[in-house]
Structure formats: C-alpha cells, structure tokens
Amino acid sequence: MAKSYNNNSCTCIKRLISSRRYSKESMISVCEVCDENEAAIYCLSCVKLRIYCKECFNNTHKSDSKKSHKTQLLSADLSGQEDLEKMLLCSAHNKKFKEYICLTCNQMICSDCLALGEHKEHKADTIQKGFEKVTEEYKAKSSQYEDLLKLSDGKNEVIVDYLQTIMERAKLLRQETLDDFKKLMETIEKKIAEVIATIDNGIHKLDENINLMQKFTEKIKVAIKECNDIMNKTSVSHVLC
C-alpha cells in the first residue's frame, strides 16, 4: 500500500523535485540559502526560500515576525532517505525523478514511465498540476459543504421536532396496539371460560340423564320379572285344572 503524506509533505516534495535539490547518488537535500549545507528544516510560512540548513534558518529567522513561522523537520516529515528515495526516484528507469502523477493509477511516475512504460496509455498530469487540481477540488467540495450548511441553517430544529413527533406517535401507536391486544386476550379468555362452563354444564346434565336411564332400566327389569312371575303362576293353574 502506498504511503500517505499530508499536504505540507507533498508541497515540500514538489519543491524539492522542481528545484532539483536532491542528488541522485547521495539523496541529500541542499539548503536553498547557502547552497552547500544539508537541508534540515522546511519552513511552511516562508514564500520564496523554504528549505534551510539549521544555521541559515537561525540566521534568517531572528526577527520577531519570523520567529513564529511554522516549520517541519525534513527527516521527520519525509520519514527517512530510503523511504524518500522510493517515493521520489523511479526504480524502473535509472532513478529518474518522478515528476508526473498517473491519474489512472493514482501513482507518481517519471517521464519514461509515461512515454515508454506501463503508464503509456494512461492519463497523467505534472505533479504541480495534480496538486492544483486537488486543491481546486478541495475548494469546490468545501464550497458545496458550506452551501449545504447554509441551506440547513434554521431547518435542523424543524427536522428534530419532526423526528420527535414521529417518535411520540410511534410510542402512542405501540401503546394503543398493546391495549387492543390486551382487550382481545381478555375477550378470548372470557369466551373460553364460557365454552368450558357450557361443556361442564352439558356433562353434568348428561350424568343426570345417565342416572335416570339406569333407574328406568332397573324399573323395567323389575316390571319384566313381575310379568314373568304372573305368567308362570297362570300356567301352573291351568295345568292343575
């Protein structure tokens, strides 16, 4: 994964490339003031000269107005010479400076990569134009966000009130639904109790009817026996006569 650098780092890199202040052999940046000592400080506030050795920086920033300048250490900002070499110099083409940005691959490339290498058919811009485009896009996005914020001014409270109204209505509907469900369950339980009572009553009446049938059956048996006895006595009387 490509290393991510902030805007200040990229600005410093762009300046180093455009000024050719890096030696391909030693990868040591040179002070823009004395043009001899190794550069150690990158001034974010200066306009013309920005890359200084420690001595030149101290000599040129003695005034009160320059003492408040914001700076970055080149070694800390660019994470070491080896990492910087991988980023600034093309390993595929004799360590040529990467002066272009491949817009298709979002990658820094050298002129040979663009003319002869795998990026030949890709869209590309110089690093300077690339940074300018990114800056313009950032400004455009910022402007859009500002417009959206302006449009939303005064409407946030309305949206919040509307959402609160919806939430309250949802809670009310939920309570109403729970109440309706409770009433339905009470009605069902009442109906079930009535059915059970009806069944119990029917079973009780059935038991009574069974008992009556048993008693009636007993009486019929008694009556049949009495009839048989009478018939038997009548038969005996006829025989004797």
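The legends below describe close-up views of a predicted model.

**View 1. The largest nonpolar core and the elements that supply it.** Nine residues make up the largest nonpolar core, namely C31, A40, I41, C43, C46, Y52, C53, C56 and F57. To this core β1 and α2 (54-60) each supply at least two residues. Apart from it lies another core, of five residues, which includes C102, I109, C110 and C113.

View 2. When its neighbours within four places in sequence are left aside, C53 is in contact with C31, C34, N37, E38, A39 and A40.

**View 3. E32, in the loop between α1 (7-19) and β1 (41-43).** E32 counts as buried because its relative accessibility is 10%, and buried means under 20%. Although E32 and K48 are 16 residues apart in sequence, their C-alpha atoms are 9.7 Å apart in space.

**View 4. D35, in the loop between α1 and β1.** D35 is not a glycine, yet it has a positive phi of about 60 degrees. Most residues other than glycine have a negative phi.

**View 5. N106, in the loop between β6 (100-102) and β7 (107-109).** N106, which is not a glycine either, has a positive phi of about 55 degrees. N106 counts as exposed because its relative accessibility is 69%, and exposed means over 50%.

How values were computed:
Residues are numbered from 1 along each chain as its sequence is written. This is a predicted model: local features need pLDDT of at least 70, side-chain atom pairs count only at pLDDT 80 or more; totals for chains, interfaces and linings use all residues. Side-chain values use heavy atoms; hydrogens and water are left out. Helices (H or I, at least four residues) and strands (E, at least two) are DSSP runs, numbered from the N terminus. Buried means under 20% relative accessible area, exposed over 50%, partly exposed in between (1.4 Å probe, protein chains only). A nonpolar core is a set of buried Ala, Val, Leu, Ile, Met, Phe, Trp, Tyr and Cys residues joined through side-chain atoms within 4.5 Å. Contact means heavy atoms within 4.5 Å.
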